[in-house]
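The sequence and structure are shown first.

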Amino acid sequence: APPSNPLAYRFAFFSRAEIATVRSYAAVLIPASERSGGAAAARVEEYMDHVLRNAAPSLQRNWRRGLAAWAKEKDPRAVFDRAAGQEFAPKSAADQFFVQFKSAATAAFYTSE
């Protein structure tokens, strides 16, 4: 059946599982508040998908690995708490992915309507 909204975004990069991971982590990073609907209302996962679908294969692989690792975690806040301590001098691949994700989520949020 066709989508109920013909203008609905069609994901080209993220899998369903990756979309769920991006949404859950973005909601922790940019929660809804009295002033905005946060990452969910901004649909940051759509912006990220749009950028990543044409990104360099090495960057795409990095995102797939990072999201796969995060999907195994039970608590996004704990992941962020660990990574945030290394944000300005990321050493591990996990720390570097956190910086990439935060940057992409923030850009997506602030470029949304």
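## The largest pocket

The largest pocket holds about 220 Å³ of space. A pocket here is an open set of points on a 1 Å grid over the protein atoms alone, where a 1.4 Å probe fits, with protein on both sides within 12 Å along at least five of seven lines, and a lining residue has an atom within 4 Å of a point; grid points are joined across faces, edges and corners, and the volume is the space filled by probe spheres set on the points. Of the 13 lining residues, Ala 69, Trp 70, Ala 93, Ala 94 and Asp 95 are the closest to the centre of the pocket.

Helix 4, helix 5 (76-84) and helix 6 are the elements that each give two or more residues to this lining, and helix 4 gives the most, with five residues. Helices are DSSP runs (H or I, at least four residues), numbered from the N terminus. By class, the lining comprises seven nonpolar, two polar and four charged residues, where Ala, Val, Leu, Ile, Met, Phe, Trp, Tyr, Cys and Pro count as nonpolar, Asp, Glu, Lys and Arg as charged, and the others, Gly among them, as polar.

## Basis of the values

The model is predicted, and local features need pLDDT of at least 70, side-chain atom pairs count only at pLDDT 80 or more, and totals for chains, interfaces and linings use all residues. Residues are numbered from 1 along each chain as its sequence is written, and side-chain values use heavy atoms, with hydrogens and water left out.

## Helix 4 against helix 6

Two packed helices are described by the angle between their axes and the distance between the axes. Helix 4 (residues 57-71) and helix 6 (residues 93-111) pack at an angle of about 100°, with their axes 10 Å apart; the axes are lines fitted to C-alpha atoms over the stretch in contact, and angles run from 0 to 180 degrees between N-to-C directions. The two helices are therefore roughly perpendicular to each other, a term that covers angles of 65 to 115 degrees.

From helix 4, Leu 59, Asn 62, Trp 63, Gly 66, Leu 67 and Trp 70 meet Phe 97, Phe 98, Gln 100, Phe 101 and Ala 104 of helix 6, contact meaning heavy atoms within 4.5 Å. The residues of this contact divide into eight nonpolar, three polar and no charged.

## Buried residues of the helices

Asn 62, which lies in helix 4, counts as buried at 18% relative accessibility, buried meaning under 20% relative accessible area, exposed over 50% and partly exposed in between, with a 1.4 Å probe and protein chains only. Leaving aside neighbours within four places in sequence, Asn 62 is in contact with Phe 97 and Gln 100. Leu 67, also found in helix 4, is buried at 2% relative accessibility, and, with neighbours within four places again left aside, Leu 67 is in contact with Phe 14, Glu 18, Thr 21, Val 22 and Phe 97. Leu 67 and Ala 20 are 47 residues apart in sequence and 9.8 Å apart in space, C-alpha to C-alpha.

Tyr 25, in helix 1 (residues 16-29), is buried with a relative accessible area of 2%. Its C-alpha atom is separated by 9.6 Å from that of Leu 67, 42 residues apart along the chain, and, beyond neighbours within four places in sequence, Tyr 25 is in contact with Trp 70, Glu 73, Pro 76, Val 79, Phe 80 and Phe 101. Ala 42, in helix 2 (residues 38-42), counts as buried at 15% relative accessibility and touches Phe 109 and Ser 112, not counting residues up to four places away in sequence.

## Loop residues

Most residues other than glycine have a negative phi. Arg 43, in the loop between helix 2 and helix 3 (44-52), has a positive phi near 55°, and at 46% relative accessibility Arg 43 counts as partly exposed.

Phe 88, in the loop between helix 5 and helix 6, is exposed, with a relative accessible area of 81%. The C-alpha atoms of Phe 88 and Trp 63, 25 residues apart along the chain, are separated by 19 Å.

Definitions and conventions: Parallel < 35°, antiparallel > 145°, perpendicular 65-115°, else oblique.
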